[in-house]
Amino acid sequence: MNNQSNIVLNVSHKRFRSCFVVGDLHGSYSLLMNELHLKNFDFENDLLICTGDLVDRGDENLECISLLNQPWFLTVRGNHEEMCIRGQYDPKMKDIHERNGGEWFYRQSQETQQRIIDRFAELPLVIEVELQNKKIGIVHADIDIHDWNIFKQDIAKGDYKIAGITSAYSNAIWGRGRIRNHSNEYDFVENIDEIYLGHTIVREHTQIDNCHYIDVGSSFTKKLCVIEVQ
């Protein structure tokens, strides 16, 4: 399923003064605003990029969705956005979504649900930022290909189904292989300096090769990891 107009969104450093990344929000809007205040985030000149999962589990889901209207905010699509999209035609996915914090979504009017679905369907799976001295990537869940350029080519093929092979699309939305099995199967990802990921909760910012995991639990822990990328 390939429901977005942009697979990879490219961003130039010329658009902003400083670039920050934040882990999964899960309806924690007020927590984010507090963290940005502590970081002295400049809403006029800085950029914040999220690792996805804006919604579910927390209480400020519509507020987090409203961030998509802000010029200083970007996000990749996470599995919770994907569940909103697929739940409209996949009863099994809807059931999984409702049991994992998505019940608020199905209490909305059909018109509101569709408006949210349409917005989520526009979100890229990958954001690539050209900074002055390096290139960073943001992906929600996982990357199991050790070359960034090949990964981008593969993810553009969509969520294909081949026996014994997991698509880059599916890994980017749902995967956890690198953080669970990195010592055996994974290595440094070439042609990118740093990659920031969420999806799998870690106690603190955790680096594996050149991949940085920054989902510290938000709605569960009342903490967010916000990093200025320099």
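Is Asp 56 buried or exposed? Select it to begin the tour. At 0% relative accessibility, under the 20% limit, Asp 56 counts as buried. The model on the screen is predicted.

**Stop 1: two residues with positive phi**

Stay on Asp 56, in the loop between strand 3 (47–50) and helix 2. Its phi is positive, about 80°, although the residue is not a glycine. Most residues other than glycine have a negative phi.

Now select His 26, in the loop that runs between strand 2 (19–22) and helix 1 (29–38). His 26 also is not a glycine, and its phi is positive, near 45°. With a relative accessibility of 4%, His 26 counts as buried.

**Stop 2: confidence along the chain**

Colour the chain by pLDDT. The mean for the protein chain is 94, and 97% of its residues reach 70 or more. Residues 1–5 have a pLDDT below 50, and in the model this stretch has 18 contacts beyond near neighbours in sequence.

**Stop 3: helix 5**

Select residues 110–121, which form helix 5. How far apart are the end C-alpha atoms of helix 5? They are 16 Å apart, and this agrees with the 16 Å that twelve residues should span at 1.5 Å a residue.

Next, show the side chains of Thr 112, Gln 113, Ile 116, Ile 117, Phe 120 and Ala 121, which are buried in helix 5. Turn the view to look down the axis of helix 5: the buried residues fall within an arc of 165°, so they line one face of the helix. These residues pack against helix 2 (61–66), helix 3 (79–86) and helix 4 (91–106).

**Stop 4: an annotated span**

Select residues 76–81. An unreviewed UniProt entry places the feature "domain: Serine/threonine specific protein phosphatases" here. The span is 50% helix and 0% strand, with its end C-alpha atoms 9 Å apart.

**Stop 5: helix 6**

Move to residues 148–155, helix 6, where Trp 148, Phe 151, Lys 152, Asp 154 and Ile 155 are buried. Look down the axis of helix 6: its buried residues lie within an arc of 165°, so they line one face of the helix. What do they pack against? Their partners are strand 1 (8–12), strand 5 (126–130), strand 6 (135–139), helix 7 and strand 7.

**Stop 6: the nonpolar cores**

Trp 148 is also one of the residues with the most contacts inside the largest nonpolar core, which has 41 residues. Others named with it include Ile 49, Val 129, Phe 151 and Ile 195. Helix 7 (residues 168–174) gives the most to this core, with four residues. Apart from this core lies another, of 29 residues; select Leu 31, Leu 48, Phe 105 and Tyr 106, which are among them.

**Stop 7: Leu 197**

Finish at Leu 197, in strand 7 (residues 194–197). At 0% relative accessibility, Leu 197 counts as buried. Which residue 146 places away along the chain has its C-alpha atom 5.8 Å from that of Leu 197? That residue is Thr 51. Beyond neighbours within four places in sequence, the contacts of Leu 197 include Thr 51, Val 139, Ala 141, Ile 143, Cys 211, Tyr 213 and Ile 214.

Methods: Residues are numbered from 1 along each chain as its sequence is written. Side-chain values use heavy atoms; hydrogens and water are left out. The expected span of a helix is 1.5 Å times one less than its number of residues. Buried means under 20% relative accessible area, exposed over 50%, partly exposed in between (1.4 Å probe, protein chains only). The arc is that of the directions from the helix axis to the C-beta atoms. Contact means heavy atoms within 4.5 Å. pLDDT is the predictor's confidence in each residue, from 0 to 100. UniProt positions are given in the numbering used here, feature names are shortened, and annotations may be inferred rather than shown by experiment. A nonpolar core is a set of buried Ala, Val, Leu, Ile, Met, Phe, Trp, Tyr and Cys residues joined through side-chain atoms within 4.5 Å.
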